Amino acid sequence: MTENSEAILRDVLDRWKTAVDAHEPQQVAAQFTEDAIFQGLHPYSTGRPGVAAYYDAQPLGLAAAYRILETRRLSEDLVLGYLAVDFSFTDRPTLAVNLGVLVRRTADGWQIAHYQVSRLA
């Protein structure tokens, strides 16, 4: 029996959120594939070191709340997700973004292979 695409995304994103909320950049990066393409709100990077550096630079108290808007099972080992994410801070207004992810099954389980944030006006 194949796993539900929303359940796969929720599992990966819950691990991502836990690490973001705890300000654990290496744990955030561990949710990504070795060759992940990562596009936050700064220039893109590839691989886990770029993900870790991005989240290490985020302020303490950053927290993520996400809502899955759409999912697609592209293949047995690939799930596409489109989400609304609110990043809250201790010292400034919440930042609402849209997030597109591709989650790929690897030898280590499901991991994020592509992450792209967009801000819509």
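What follows is a chat about the predicted model of this protein, from its overall fold down to a few single residues.

Visitor: How many helices and strands does the protein have?

Guide: This is a predicted model, and in it the protein has three helices and six strands. Read along the sequence, they follow the pattern α-α-β-β-α-β-β-β-β.

Visitor: And what radius of gyration does the protein have, against what a compact globule would have?

Guide: The protein has 14 Å, which agrees with the value near 14 Å for a compact globule with 121 residues. Taken along the principal axes, the box filled by the C-alpha atoms is roughly 45 × 30 × 25 Å.

Visitor: What share of the residues count as buried?

Guide: Of the 121 residues, 42% count as buried. The protein exposes about 6,700 Å², and carbon and sulfur atoms supply 52% of that area.

Visitor: What about contacts across the sequence, say between residues 24 or more positions apart?

Guide: Such pairs account for 49% of the contacts that have a separation of 6 or more.

Visitor: Switching to charges, how far apart are the mean positions of the positive and negative ones?

Guide: There are 11 positive and 15 negative charges, and their mean positions are 4 Å apart.

Visitor: Now the inside. Which residues have the most contacts in the largest nonpolar core?

Guide: That core has 34 residues, and those with the most contacts inside it are Trp16, Phe32, Tyr55, Val85, Phe87 and Tyr115. Elements that give two or more residues to the core include helix 1 (5-21), helix 3 (48-56), strand 4 (78-88) and strand 6 (109-118). Helix 1 provides the largest share of the core, with seven residues. As background, nonpolar side chains tend to be buried together in soluble globular proteins.

Visitor: Take Phe32 from that list; what is it in contact with?

Guide: Leaving aside neighbours within four places in sequence, phenylalanine 32 is in contact with Trp16, Phe38, Arg48, Val51, Gln111, Ile112 and Tyr115.

Visitor: Which residues of helix 3 are buried, and what covers them?

Guide: The buried residues in helix 3 are Arg48, Gly50, Val51, Ala52, Tyr54 and Tyr55. Their cover includes helix 1, helix 2, strand 1, strand 2 (45-46) and strand 6.

Visitor: Is Gln31 buried or exposed?

Guide: Glutamine 31 is buried, with a relative accessible area of 6%, and it lies in the loop between helix 2 and strand 1. Not counting residues up to four places away in sequence, glutamine 31 touches Val12, Arg15, Trp16, Gln111 and Ile112. Leucine 69, which is 38 residues from glutamine 31 in sequence, is 20 Å from it in space, C-alpha to C-alpha.

Visitor: There is a Gln58 too; where is that one, and why does it count as buried?

Guide: Glutamine 58 is placed in the loop between helix 3 and strand 3, and it counts as buried because its relative accessibility is 15%, where the cut-off for buried is under 20%. Beyond residues up to four places away in sequence, glutamine 58 touches His23 and His42.

Visitor: What is the phi of His23?

Guide: Histidine 23 has a positive phi of about 50°, although it is not a glycine. It is found in the loop between helix 1 and helix 2, and at 23% relative accessibility it counts as partly exposed.

Visitor: Last one: which residues is Arg10 in contact with?

Guide: Arginine 10, whose place is in helix 1, is in contact with Tyr66 and Ile68 once neighbours within four places in sequence are left aside. At 33% relative accessibility, arginine 10 counts as partly exposed. The C-alpha atoms of arginine 10 and glycine 81 are separated by 9.8 Å, although these residues are 71 apart along the chain.

Notes: Residues are numbered from 1 along each chain as its sequence is written. This is a predicted model: local features need pLDDT of at least 70, side-chain atom pairs count only at pLDDT 80 or more; totals for chains, interfaces and linings use all residues. Side-chain values use heavy atoms; hydrogens and water are left out. Helices (H or I, at least four residues) and strands (E, at least two) are DSSP runs, numbered from the N terminus. The radius of gyration is taken over C-alpha atoms; the globule rule is 2.2 Å times the number of residues to the power 0.38. Buried means under 20% relative accessible area, exposed over 50%, partly exposed in between (1.4 Å probe, protein chains only). Contact means heavy atoms within 4.5 Å. Accessible areas come from the Shrake-Rupley method with a 1.4 Å probe; for residues, only the protein chains shown count as cover. Lys and Arg count as positive and Asp and Glu as negative; His and the chain ends are not counted. The place of a charge is taken as NZ of Lys, CZ of Arg, CG of Asp or CD of Glu. A nonpolar core is a set of buried Ala, Val, Leu, Ile, Met, Phe, Trp, Tyr and Cys residues joined through side-chain atoms within 4.5 Å.
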